Amino acid sequence: MGYDYALDPCKFVLSHARSFSMHPDFELIGGVDPDPNQCANFETEYKIQGYTNLERALSDLSPEVIVIATPSSSHGLILERILRAHIPKVVVCEKPLDKSLAVARHMVEMCNQNHVKLFVNYIRRSEGSVIQIKNMIDDQVIQAPIKAVAWYSKGLLNNGSHMLNLLEYWLGDVVGHTMIDSNRCWNDSDPEPDFKVNFEKGSAIFCAGWEEYFSHLSIELISPSGRLYYSKGGSDITWQPSGATLDNRRDDFLDVGVKINNDLDRYQYNFAENLALALKDEEHSISSGHDALTTLTNIYDIIDKGTS
């Protein structure tokens, strides 16, 4: 709720609470927070009940969709509590699934066993410009071979996972990776390695910046057909087509290019829209629990290589 609590709802939809309250396919029926003050703020804002006890909320409301937006290390425990008290149709979990890979695997298994659809909120996956870029790659507007450089700060699990999940979406499955430098850990807990990843449709070098000086999330894609620069976490995107072919090469720098519009100020509404499509068994672009588990498995494979 706090991401957009004080922001204009006509311009910003950055929280699950606001997105589900606004989307016509959903009805926001309650919220849970152990802090009574947060519950009071929620009740004031949305005119529905806030609970400090999860089990009481599940008993009273019997929700069909539940969002887990607690600290990452608690996701698995919260899911277990939910499934002991109530079986919803859908669980949405903030990324990563859990800080523990074993717990994340168990979360996917629990949802499968209880026939619960599990989705993970990698916010960029449902944003229109990201889908447009995927279509450009699939339609060979951005032609293979594709090489990329991805920058991230504030840890591989925290922010770097966004960039890896995004490149998995654009370039396909990871087929190999190589450690360059293990570097440090953010806050002594989240590794920040530099590494190279080979995907089905290209390769990318990941480099870690320094969050204490400035945030940095970007991807630069280089292709024979041009350059795509996805910068400032996706709020500034430029495509520079080359117009070159093997028979008509160019020996100058690329032109300024064209901006690709984005809708990051309403990213959570975009997620809700794609969730609605998923629940109708229509085409969507949000990350399933299985997709997110693949991303987390790749992350820990990379981290393990750096410590071996």
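**A left-handed helix crossing and the fold around it**

The crossing of helices α4 and α5 is left-handed. This comes from a predicted model. On the α4 side, the contact is made by H75, G76, L79, E80 and L83. On the α5 side, V103, H106, M107, M110 and C111 take part. By residue class, the contact divides into 6 nonpolar, 3 polar and 1 charged.

Now look at the geometry of this pair. Helix α4 covers residues 75-85, and helix α5 covers residues 101-113. Their axes come within 9 Å. They cross at roughly 20 degrees. Angles under 35 degrees count as roughly parallel. The two helices, α4 and α5, are therefore roughly parallel to each other.

Step back to the whole protein. It has 9 helices and 16 strands. Along the principal axes, the C-alpha trace spans about 70 × 45 × 40 Å.

Next, consider burial and contacts. Of the 308 residues, 48% count as buried; the cut-off for buried is under 20% relative accessible area. Then take the contacts between residues at least 6 apart in sequence. Of these, 66% join residues at least 24 apart.

Key
Residues numbered from 1 in each chain as written. Predicted model: local features only at pLDDT ≥ 70, side-chain atom pairs only at ≥ 80, totals over all residues. Heavy atoms only, no water. Axes fitted to C-alpha atoms, helices over the stretch in contact; angles between N-to-C directions. Helix = DSSP H or I, 4+ residues; strand = E, 2+ residues; numbered from the N terminus. Parallel < 35°, antiparallel > 145°, perpendicular 65-115°, else oblique. Left-handed = near helix turned anticlockwise from the far one by under 90°. Contact = heavy atoms within 4.5 Å. Nonpolar A, V, L, I, M, F, W, Y, C, P; charged D, E, K, R; others polar. Buried < 20%, exposed > 50% of the residue type's maximum accessible area, 1.4 Å probe, protein only.
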